[in-house]
Amino acid sequence: MNRFFKELDRIEFIVTMGCTGRCRHCSEGSHEFGGEHIDGAVAAAAVEQICSAYGISSLMTFGGEPLLYPETVCAIHRAAVKCGIKYRDVITNGYFSKDNKRIEEVAEMLAESGVNRVLLSVDVFHQETIPLGPVEHFANAMKKKGVLTEISPAWLVSRTHDNPYNTVTKELLEKFAGRGFEVGDGNIIFPSGNALKYLSEYMNETTAENPYEDDPENIRSVGFSPDGSVLGGNIYKTPILEIMENYSP
């Protein structure tokens, strides 16, 4: 076992960088959609390989908008169930189709694959370009399937900071809370990508750091990119355990 993974307990997949939103707070920038996404079978195999050597307690799929490729997401989560991973999350903006029948079909797929929590990105920034109707329909469909659906907003500066963006976000959250949905803490926007470009007037008021950065000498979460890249290697070329064995900061 590589000593740099002694506290490893989590796996994350960026399924695709393609997104249905064009959010001004996005840390990645424009999210131009090129159709690239990780292969579900290869990703699932990587999950099983990691779990054969390490005790993994949580797995997350996100993007971009991961549910543009629900079959891929479900393949990954089925592998997580097979491996006994307890916490299996999806982060989504909830807008991957305008067709209610397709939305319900995907909700059923997610539930059957073993997803046990959906973190739904609802806030002023997402709703600038994403219609609320399909998002609400998806949330209701997941709730009917018995999957915990938690509203996860993005806050500007802090959750309690008084600014016009947070005010609108709170109004949106009240709408979902009134319908019985849990509202989580969400996240604080950090200065990167579009946020730095469009919200710079607020960036000097926040000390928020990138919450997705790991200590390179103490990797707690193995994160895969849509092209299969991970830890300086690529699972399309090299088995994940070999990549991990040879990893050095």
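Student: OK, helices are DSSP runs of H or I (at least four residues), strands are runs of E (at least two), and both are numbered from the N terminus. Where is valine 157 found?

Tutor: In the loop between β6 (154-155) and α5 (164-177). This is a predicted model: local features need pLDDT of at least 70, side-chain atom pairs count only at pLDDT 80 or more, and totals for chains, interfaces and linings use all residues. Residues are numbered from 1 along each chain as its sequence is written, and side-chain values use heavy atoms, without hydrogens and water.

Student: What's the phi of valine 157?

Tutor: Near 75°, which is positive in a residue other than glycine. Leucine 231 also has a positive phi, near 55°. Leucine 231 sits in the loop between β10 (229-230) and β11 (233-234).

Student: Is valine 157 buried or exposed? And leucine 231?

Tutor: Valine 157 is buried, at 11% relative accessible area. Leucine 231 is partly exposed, at 23%. Buried means under 20%, exposed over 50%, partly exposed in between (1.4 Å probe, protein chains only).

Student: Now α5. Which residues are buried there?

Tutor: Tyr165, Asn166, Thr169, Leu172, Leu173 and Phe176. They line one face of α5, because they fall within an arc of 120° seen down its axis. That arc takes the directions from the helix axis to the C-beta atoms.

Student: Which residues are exposed on the other side?

Tutor: Pro164, Glu171 and Glu174.

Student: What covers the buried residues?

Tutor: Several elements, including β4 (117-120), α4 (132-144) and β5 (148-151). Contact here means heavy atoms within 4.5 Å.

Student: New topic. Which peptide bond is cis?

Tutor: The one from glycine 63 to glycine 64, with omega near 25°. Glycine 64 lies in the loop between β2 (58-63) and α2 (70-82).
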